[in-house]
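Visitor: Hi, I'd like to look through this one with you. Can you put it up on the screen?
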Amino acid sequence: GNKQEICSIYKSAFRAERIKEQEIATNIHMAIRNGEIEAFFQPKFSLSERKIIGAEALARWRNPDGTYRPPFEFIGVLEQIGYIVDLDWEIYRQTLAALRDWIDKGYEVVPVSVNFSRLHSDYPDFGKKIIEMADEYNVPHDLIEIEITESAIARQHNIMLENLVNLRNSSFIIDMDDFGTGYSSLSFLVTAPIDIVKVDKVFVDQINSQKSQEYVKHLCELISITGKDIIFEGVETESQVEFC
């Protein structure tokens, strides 16, 4: 892929990686049918109140021995071959089923965010399907947060924006994930149909320096001006809690 390089060196690791990718592509749909794909719910906390205010649905792949594949082993492969769309719908279905079960049991229920890949922008009616599935499980729309990245909007701009506007009009909450790591711009947030901006964990990990703290502080001030709520990803220490 580089005109300046006239040759490359083959390594056995390349073949091993290729075999692993093929195994994932071959088995993902069987794994979904067999219930090996499971939704795990990562809590979202209010740092001021120290209580759970929401959750994020994350995909895990259970192995036959009961261990789990971490998402970095299969998410990228599924994104590359397009099967990530099927995984997203399965995690969304499990999230709706869990919310319905919690409601029926009388639990105090909080909103749950579900990730949707940028590849969903290739499907003009994907927003309609989100609404229909929520209604099928009789789950209030305001208990679902639709989590996307800016690249999802950039891929098919008009189609995705139309879907997001319709979802917001139907009381769904829209989150922007991984803000600040790609081509995210503050000017985009002013008019985007976004309710919550998630500041990527990479910024939280770097707030040990004065310069990084000032950067994140001003970034959040500008985001707040656009009227969006802010969530920090990966807050793990008391010093991070105090800063955030």
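Visitor: Leaving aside its neighbours within four places in sequence, which residues is Phe 116 in contact with?
Guide: A quick note before I answer: this is a predicted model. Phe 116 is in contact with Asp 88, Trp 89, Tyr 92, Phe 126, Ile 130, Ile 146, Glu 147 and Ile 148.

Visitor: And the largest nonpolar core, how many residues has it got?
Guide: That core has 56 residues. Those with the most contacts inside it are Tyr 92, Phe 116, Ile 130, Ile 146 and Phe 172.

Visitor: Which element gives the largest share of this core?
Guide: Helix 3 does, with eight residues.

Visitor: OK, helix 3 then. At roughly what angle do the axes of helix 3 and helix 4 cross?
Guide: Roughly 25 degrees. Helix 3 covers residues 84-104 and helix 4 covers residues 126-136. Their axes come within 10 Å. Angles under 35 degrees count as roughly parallel, so helix 3 is roughly parallel to helix 4.

Visitor: Is that crossing of helix 3 and helix 4 left-handed or right-handed?
Guide: The crossing is right-handed.

Visitor: Which residues meet there, helix 3 to helix 4?
Guide: Helix 3 brings Trp 89, Tyr 92, Arg 93 and Leu 96. Helix 4 brings Phe 126, Lys 129, Ile 130, Met 133 and Ala 134. The residues of this contact divide into seven nonpolar, no polar and two charged.

Visitor: Now helix 1 and helix 3. How do their axes lie?
Guide: Helix 1 is residues 12-33. The axes of helix 1 and helix 3 come within 11 Å and cross at roughly 15 degrees. Helix 1 and helix 3 are therefore roughly parallel to each other. Their crossing is left-handed.

Visitor: What makes the contact between helix 1 and helix 3?
Guide: From helix 1, Ile 28, His 29 and Ile 32. From helix 3, Asp 86, Leu 87 and Glu 90. The residues of this contact divide into three nonpolar, one polar and two charged.

Visitor: Thr 95 next. Buried or exposed?
Guide: Thr 95 lies in helix 3. Its relative accessibility is 1%, so Thr 95 counts as buried.

Visitor: What does Thr 95 touch, not counting residues up to four places away in sequence?
Guide: Thr 95 touches Phe 41, Ala 57, Val 112, Val 114 and Ile 144.

Visitor: And where is His 120 from Thr 95?
Guide: Those two are 25 residues apart along the chain, and their C-alpha atoms are separated by 18 Å.

Visitor: Change of topic. Where is Val 190?
Guide: Val 190 is in helix 7, residues 186-191. Val 190 is exposed, with a relative accessible area of 55%. Val 190 and Ile 225 are 35 residues apart along the chain, and their C-alpha atoms are separated by 8.6 Å.

Visitor: Last topic: backbone angles. What is phi of Asn 138?
Guide: Near 55 degrees, a positive value in a residue other than glycine. Most residues other than glycine have a negative phi. Asn 138 is found in the loop between helix 4 and strand 5. At 54% relative accessibility, Asn 138 counts as exposed.

Visitor: What about phi of Ser 171?
Guide: Phi of Ser 171 is near 80 degrees, a positive value too. Ser 171 lies in the loop between helix 6 and strand 6.

Visitor: Is Ser 171 exposed, partly exposed or buried?
Guide: Partly exposed, because Ser 171 has a relative accessible area of 43%.

How values were computed
Residues are numbered from 1 along each chain as its sequence is written. This is a predicted model: local features need pLDDT of at least 70, side-chain atom pairs count only at pLDDT 80 or more; totals for chains, interfaces and linings use all residues. Side-chain values use heavy atoms; hydrogens and water are left out. Axes are lines fitted to C-alpha atoms, for helices over the stretch in contact, and angles run from 0 to 180 degrees between N-to-C directions. Helices (H or I, at least four residues) and strands (E, at least two) are DSSP runs, numbered from the N terminus. Angles under 35 degrees count as roughly parallel, over 145 as roughly antiparallel, 65 to 115 as roughly perpendicular and the rest as oblique. A crossing is left-handed if the near helix is turned anticlockwise from the far one by less than a right angle, and right-handed if clockwise. Contact means heavy atoms within 4.5 Å. Ala, Val, Leu, Ile, Met, Phe, Trp, Tyr, Cys and Pro count as nonpolar, Asp, Glu, Lys and Arg as charged, and the others, Gly among them, as polar. A nonpolar core is a set of buried Ala, Val, Leu, Ile, Met, Phe, Trp, Tyr and Cys residues joined through side-chain atoms within 4.5 Å. Buried means under 20% relative accessible area, exposed over 50%, partly exposed in between (1.4 Å probe, protein chains only).
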